[in-house]
Amino acid sequence: MIALILSVLVGVGLLAALYFLARRGHPPVEGSAQKLVEARQTLDMVQFGLLPTDLVHRIFATQDLEYVKRAAPPETQRAFLRERKRIAIAWVGRLRSAFVRLMRLHRTQARVYPHLSLQKEIVLALNFVALLGICRVLQVVFLLRGPYAAPRMLGTATAAAARVCVISEESLAFLKAEPFEPLNDSAHGSAAV
C-alpha cells in the first residue's frame with residue numbers, strides 16, 4: 001500500500017514538474033496579435049519608406065557629387081559631402097534598426113504561430129544576420145570614407161534587404177485579409193416575390 005501511495009505521489013510530482021517546465025518556455029500569448037501587427041507595420045515602413053529604388057538612388061547619386069565638384073567652391077563641396085555622409089549613415093542606421101525590430105518580432109512570434117514555416121524562418125534568420133552585418137560594415141565605411149565609397153556593398157545591402165522583405169512578407173501573409181466576394185441574390189436562385 002505504501003509503495004502505491006509513493007508511486008502516485010512521484011507521478012503527480014513529475015506531472016506537476018512537466019507542466020511548469022512546459023509553461024515556462026513559451027512567451028505569453030496576450031499581445032501576440034499586436035506584435036504581429038507591429039511586424040507588418042515595420043515591414044511596410046521598410047518596403048515603402050526606406051527601400052524604394054528612387055530614394056536609395058537619390059541618396060547615393062553620383063551625379064550630384066559630380067555637379068557639386070564641377071560647379072561649387074571647395075567649402076561647399078566639403079559641406080555637401082558632410083551632409084551626404086550624415087544622410088547615408090542615418091539611412092543605414094534606420095534600415096538596420098528596422099530590421100533589428102523586425103527580427104525580434106519574428107523571433108518572439110515564431111514559437112506561437114504555427115503558420116510560420118521552420119525552413120523559411122531559418123533562411124530568414126540567416127538573411128537577417130547577413131543584412132545586419134552588411135549594414136554595420138556600411139556604417140563604418142560611410143563614416144571613414146564617405147557615402148560614395150562602397151556602391152557594390154550598398155547594392156548587396158539593398159538586395160539582402162529586399163530578400164528579407166520578401167521572406168517576411170511570406171511569413172506574415174496570413175495577416176492579410178482575403179477580400180470578400182459580394183453576395184449576388186440571383187446566383188443563389190432566390191426568386192422575387
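So, helix H4, residues 62-71: its buried residues are Asp 64, Leu 65 and Val 68. Buried means under 20% relative accessible area, exposed is over 50%, and partly exposed is in between, with a 1.4 Å probe and protein chains only. Those three cover an arc of only 100° around the axis, so they sit on the same side of H4. The arc is taken from the directions from the helix axis to the C-beta atoms. Over on the other side of H4, Tyr 67, Arg 70 and Ala 71 are exposed. Why does that pattern work? In an α-helix there are 3.6 residues a turn, so residues three or four places apart point the same way.

Quick note: this is a predicted model, where local features need pLDDT of at least 70, side-chain atom pairs count only at pLDDT 80 or more, and totals for chains, interfaces and linings use all residues. Numbering starts from 1 along each chain as its sequence is written, and side-chain values use heavy atoms, leaving out hydrogens and water.

Okay, the cores. The largest nonpolar core has 33 residues, meaning buried Ala, Val, Leu, Ile, Met, Phe, Trp, Tyr and Cys joined through side-chain atoms within 4.5 Å. Phe 60, Trp 91, Leu 95, Phe 99 and Leu 138 have the most contacts inside that core. H5 gives the largest share, nine residues. Leu 138 touches Val 92, Ala 150, Met 153, Leu 154 and Ala 157, not counting residues up to four places away in sequence; contact here is heavy atoms within 4.5 Å.

Key. Helices (H or I, at least four residues) and strands (E, at least two) are DSSP runs, numbered from the N terminus.
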